[in-house]
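Here is a short report on charged side chains and how they pair. Look at the structure first, then read on.

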Amino acid sequence: MVAVFYSDDPARFGAGTRLRIDARDVLVERARPSRDGVIVTLAGVDDRDAAESLRGKQLWLRRADRRQLEPGEFWPEDLIGSQVEDPSGSAIGIVSGVVLDAPQPRLVIQTAGGSVDVPFVDALVPEVDLPNRRIVVTPIAGLID
């Protein structure tokens, strides 16, 4: 049946593509663009009830099937759990999420005072050190506190 999802490259989800949903693999039988992303027909999802059971689920490509990232690009799940520090090395918090459905991506940072969203732009996030799971955020007035 049909599911709608978002991607930075909808062409990657064409017929024959293997995706993950929850803990199982699914095969794309057909795909077509829509104004909200891509509409796909999945093998084994043969009726409305089966399609409805997928509502709100996320479809994922296997990491090996993803495109190569350009310098300065990151997969959201690689950022989650990273230690966030200010430029002097003082701890700010931990990245607990990444918001992509906004005009600009945002890091969700869990601090001692609660959760804060920081726009993921070079001026505020000048350094991302994935191997060391460390992100530098330049706090401006009212951003963190």
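R134 is partly exposed because its relative accessibility is 22%; buried means under 20% relative accessible area, exposed over 50%, and partly exposed in between (1.4 Å probe, protein chains only). This is a predicted model: local features need pLDDT of at least 70, side-chain atom pairs count only at pLDDT 80 or more, and totals for chains, interfaces and linings use all residues. Residues are numbered from 1 along each chain as its sequence is written, and side-chain values use heavy atoms, with hydrogens and water left out.

The structure holds five salt bridges. A salt bridge here is a side-chain nitrogen of Lys or Arg within 4 Å of a carboxyl oxygen of Asp or Glu. The table gives some of them.

| Salt bridge | Closest N and O atoms |
|---|---|
| R20 with D25 | 2.9 Å |
| E85 with R134 | 2.8 Å |
| D117 with R106 | 3.0 Å |

E85 lies in strand β6 (residues 83–85) and R134 in strand β11 (residues 134–136), 49 residues apart. Strands are DSSP runs (E, at least two residues), numbered from the N terminus. E85 is buried because its relative accessible area is 15%. E85, E127 and R134 are linked in a network of salt bridges.

D117 sits in strand β9 and R106 in strand β8, 11 residues apart. Strands β8 (residues 106–111) and β9 (residues 114–119) run antiparallel, joined by six bridges. Strands pair if DSSP finds at least two bridges between them. A hairpin of two residues joins β8 to β9. V108 stands opposite D117.

Note on methods. Helices (H or I, at least four residues) and strands (E, at least two) are DSSP runs, numbered from the N terminus.
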